[in-house]
Amino acid sequence: MSTPTSIVPVRAMLVLGTRPEAIKLAPVARAMAAGSQFEPIVVTTGQHREMLHQMLGLLYVDVRIALDVMRRRQQLSDLTARLVRDLGVVMREQRPDLVLVQGDTTTALAGALAAFYEKIPVAHVEAGLRTGVIDNPFPEELNRSLIGRIARWHFAPTPAAARHLTGEGIPEEQVFVTGNTVIDNLMWVLAEGTGTSAFGGAAKRILVTLHRRENQGERMRGMGRALTRLAARGDVEIVLPLHKSPAVREVLLPELEGQRGISLVEPLGYLDFAATLAECDLVLTDSGGIQEEAPSLSKPALVLRTTTERPEAVEAGAARLIGTDPEAIVSWANRLLDDPAEYRRMATAGNPFGDGTASARILSQLAEDFAADVPVGLTASGPYSTA
């Protein structure tokens, strides 16, 4: 009597270095660990070491390998070179069957490039986001475009993102609309119910996140002045988790520290951040992921940027792209705080970014392709071609 052949799990390396990457890859890692089809190998690069390590355990993500690539005020070229080199060493040692990267960080680009050099197929989670302006946001727009040239699987969060990819020549059979994994994780975290809000008892609560590289300097200083004017209303509480970047702190601390109505807090753990987001009335942000999370909780979001790679929220009416001018920030925030009808229109616009099952769709597609022995490597027909 023959013994059944055991199925060897697919060795999947998940490369992450920043807090947003951890948030969005955590549900994928958890789903892989819960089944038998994949062996997750989680590698952290340390791009956001302090912010990352405070939350990974809470998200039930087991880290296999932790790198230490950050140097104070290092140039992007130095960071990229160090990441590609160190990740290449790890990939040669671990020999994964595929590498997953998320989004558009320097870690994601370096992870995809190192995998390409090692001839390991790449899956890109949150693929297809575009502003159409190569240096805005910088360097994210170029990063995600380059990853799009490398990846074999493109997991797009929305149909619009998928159209960007096929419009750039990516074969349709390699593009999959899954929703965004950030919704998966947000729903999981809120179900856990263990986070603590950073808000006190103010009647109107504003959550602010500022960090983007192109906003640093005088532009961010102007944003700080706008927040001071909003706080002077006297009926609001502004909570701003301060990014660890010295360039952010050197600008915002002199403007905002000690201002009545403004609470500057250290970066919140993800459970606490989710609880704070759930309790706020309005979001002011220049970040990306919160543009997806806020509509899930019916929180209007004012996007403090001149471009966004997530136009779906704007088109749905759940977010507004208002730029970085202090007058516009104050005007729009006051309008939403004082006009119930305008507020209601944004709060009830809905969430275009998914239903919380993106991770299951991603794993299902990967499992199907590996089980069917679909060609997933470099072929004579071109990078990751199925031809």
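A: A cavity is a set of grid points where a 1.4 Å probe fits but cannot get out, and its lining residues have an atom within 4 Å of a point. Rolling a probe the size of a water molecule over the atoms shows where empty space is left. The structure is a predicted model, with a mean pLDDT of 92 over the chain and 93% of the residues at 70 or more. Two cavities of 30 Å³ or more are present.

The largest cavity holds about 40 Å³ of space. Its lining consists of Leu129, Pro157, Thr158, Ala161, Asn180, Glu292, Glu309, Arg310, Glu312 and Phe353. By class, these residues divide into four nonpolar, two polar and four charged.

Just after H6, Gly169 adopts a positive phi of about 100°.

The second largest cavity contains about 30 Å³. It is lined by Asn136, Glu214, Asn215, Arg219, Arg305 and Thr306.

Asn136 lines the second largest cavity and is joined to Pro137 by a cis peptide bond, with omega about 0°. Pro137 is located in the loop between strand S5 (122-125) and helix H5 (140-150). A cis bond also connects Phe138 with Pro139, again with omega about 0°, and Pro139 is placed in the loop between S5 and H5. Most residues other than glycine have a negative phi, and most peptide bonds are trans.

Arg219, also in the lining, falls within helix H8 (residues 218-231), whose 14 residues reach 20 Å from the first C-alpha to the last, close to the 20 Å expected at 1.5 Å a residue. Met220, Gly222, Met223, Gly224, Ala226, Leu227, Leu230 and Ala231 are buried in H8. An α-helix has 3.6 residues a turn, so residues three or four places apart point the same way. Among the elements that cover the buried residues of H8 are strands S8 (204-209), S9 (236-241), S10 (262-265) and S11 (282-285), together with helices H9 (246-256) and H13 (326-338).

Ile7, Val8, Pro9, Val10, Ser36, Gln37, Phe38, Asp97, Ala367, Phe370 and Ala371 form its lining, of which eight are nonpolar, two polar and one charged. Helix H15 (residues 358-371) supplies the largest share of that lining, namely three residues.

Asp97 of the pocket lining directs attention to the loop between helix H3 (76-94) and strand S4 (98-102), where Arg95 is found. Arg95 has a positive phi of about 50° although it is not a glycine, and with a relative accessible area of 42% it is partly exposed. A positive phi is also found at Tyr60, near 60°. Tyr60 lies in the loop between helix H2 (49-53) and strand S3 (65-66) and is exposed, with a relative accessible area of 53%.

Because its relative accessibility is 0%, Thr45 counts as buried. Beyond four places in sequence, Thr45 touches Val15, Leu16, Gly17, Leu67, Asp68, Val69, Leu83, Leu87 and Thr107.

A final remark concerns confidence. Over residues 379-387, pLDDT stays under 50, and the model has 23 contacts beyond four places in sequence for this stretch. Where pLDDT is low, the predicted coordinates should not be read in detail.

Methods. Residues are numbered from 1 along each chain as its sequence is written. This is a predicted model: local features need pLDDT of at least 70, side-chain atom pairs count only at pLDDT 80 or more; totals for chains, interfaces and linings use all residues. Side-chain values use heavy atoms; hydrogens and water are left out. On a 1 Å grid over the protein atoms alone, a cavity is a set of points where a 1.4 Å probe fits but cannot get out, and a pocket is an open set with protein on both sides within 12 Å along at least five of seven lines; lining residues have an atom within 4 Å of a point. Helices (H or I, at least four residues) and strands (E, at least two) are DSSP runs, numbered from the N terminus. Ala, Val, Leu, Ile, Met, Phe, Trp, Tyr, Cys and Pro count as nonpolar, Asp, Glu, Lys and Arg as charged, and the others, Gly among them, as polar. The expected span of a helix is 1.5 Å times one less than its number of residues. Buried means under 20% relative accessible area, exposed over 50%, partly exposed in between (1.4 Å probe, protein chains only). Contact means heavy atoms within 4.5 Å. pLDDT is the predictor's confidence in each residue, from 0 to 100. Grid points are joined across faces, edges and corners, and a volume is the space filled by probe spheres set on the points.
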